[in-house]
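Subject: Structure for your review

Dear colleague,

Please find below the structure I promised to pass on to you. My notes on it follow directly after.

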Amino acid sequence: MSIFGERLKSLIGEKSIRSVAKESGVSAASLSLYISNKRKPTLDAIELLADYFGVSTDYLLGRSEMKNPLKKEHEIEYKELQLKASKY
């Protein structure tokens, strides 16, 4: 199984492929083919799935281990601002 297929399967988890297909805009047939590594995803499908699951495209493609690097940066910035504000 490709990294994309493994990560997609993991993200889908307990959900049904049909529900993910309906909510993400990627067909159930395509999702099944991606998971089984019988088809490579299109750029549009990668973007739709990344947006649906709230992860980066790099995470889906196996180029990063961080699901959402921007979220982490914003959390750190927010915590730093809270720390600064608490000093006043």
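Phe 53 counts as buried, because its relative accessibility is 16% and the limit for burial is under 20%. Please bear in mind that this is a predicted model. The partner of Phe 53 in an aromatic pair is Tyr 52: the two ring centres are 4.8 Å apart and the planes stand at 80°, so the pair is edge-to-face. Tyr 52, at 22% relative accessibility, counts as partly exposed.

The number of aromatic pairs comes to two. In the other one, the rings of Phe 4 and Tyr 34 have centres 5.8 Å apart and planes at 80°, which again makes the pair edge-to-face. Phe 4 belongs to helix H1 (residues 3-12) and Tyr 34 to helix H3 (residues 28-35), so this pair ties together parts that are 30 residues apart in sequence. Phe 4 and Tyr 34 are both buried.

A further ring takes part in a contact of another kind. The charged end of Arg 7 sits over the ring of Tyr 59, at 4.2 Å from the ring centre.

Leu 49 deserves a separate word. Setting aside neighbours within four places in sequence, Leu 49 is in contact with Phe 4, Leu 8, Ser 24, Val 26, Leu 31 and Leu 60.

Ser 24, one of these contacts of Leu 49, lies in helix H2 (residues 17-24). How accessible is Ser 24? With a relative accessible area of 7%, Ser 24 is buried. Its side chain reaches the backbone oxygen of Val 20 at 2.7 Å. A polar atom of the Ser 24 side chain also lies 3.3 Å from the backbone nitrogen of Val 26. Beyond residues up to four places away in sequence, Ser 24 touches Leu 48, Leu 49 and Tyr 52.

Yours sincerely

How values were computed: Residues are numbered from 1 along each chain as its sequence is written. This is a predicted model: local features need pLDDT of at least 70, side-chain atom pairs count only at pLDDT 80 or more; totals for chains, interfaces and linings use all residues. Side-chain values use heavy atoms; hydrogens and water are left out. Rings of Phe, Tyr and Trp (its six-membered ring) pair if their centres lie within 6.5 Å; planes under 30 degrees apart count as stacked, over 60 as edge-to-face and the rest as tilted. Helices (H or I, at least four residues) and strands (E, at least two) are DSSP runs, numbered from the N terminus. Buried means under 20% relative accessible area, exposed over 50%, partly exposed in between (1.4 Å probe, protein chains only). A charge sits over a ring if NZ of Lys or CZ of Arg is within 6 Å of the ring centre and within 35 degrees of the ring normal. A polar contact is a pair of N or O atoms within 3.5 Å; within protein, one must be able to donate a hydrogen and the other to accept it, and residues adjacent in sequence count only if both atoms are side-chain atoms. Contact means heavy atoms within 4.5 Å.
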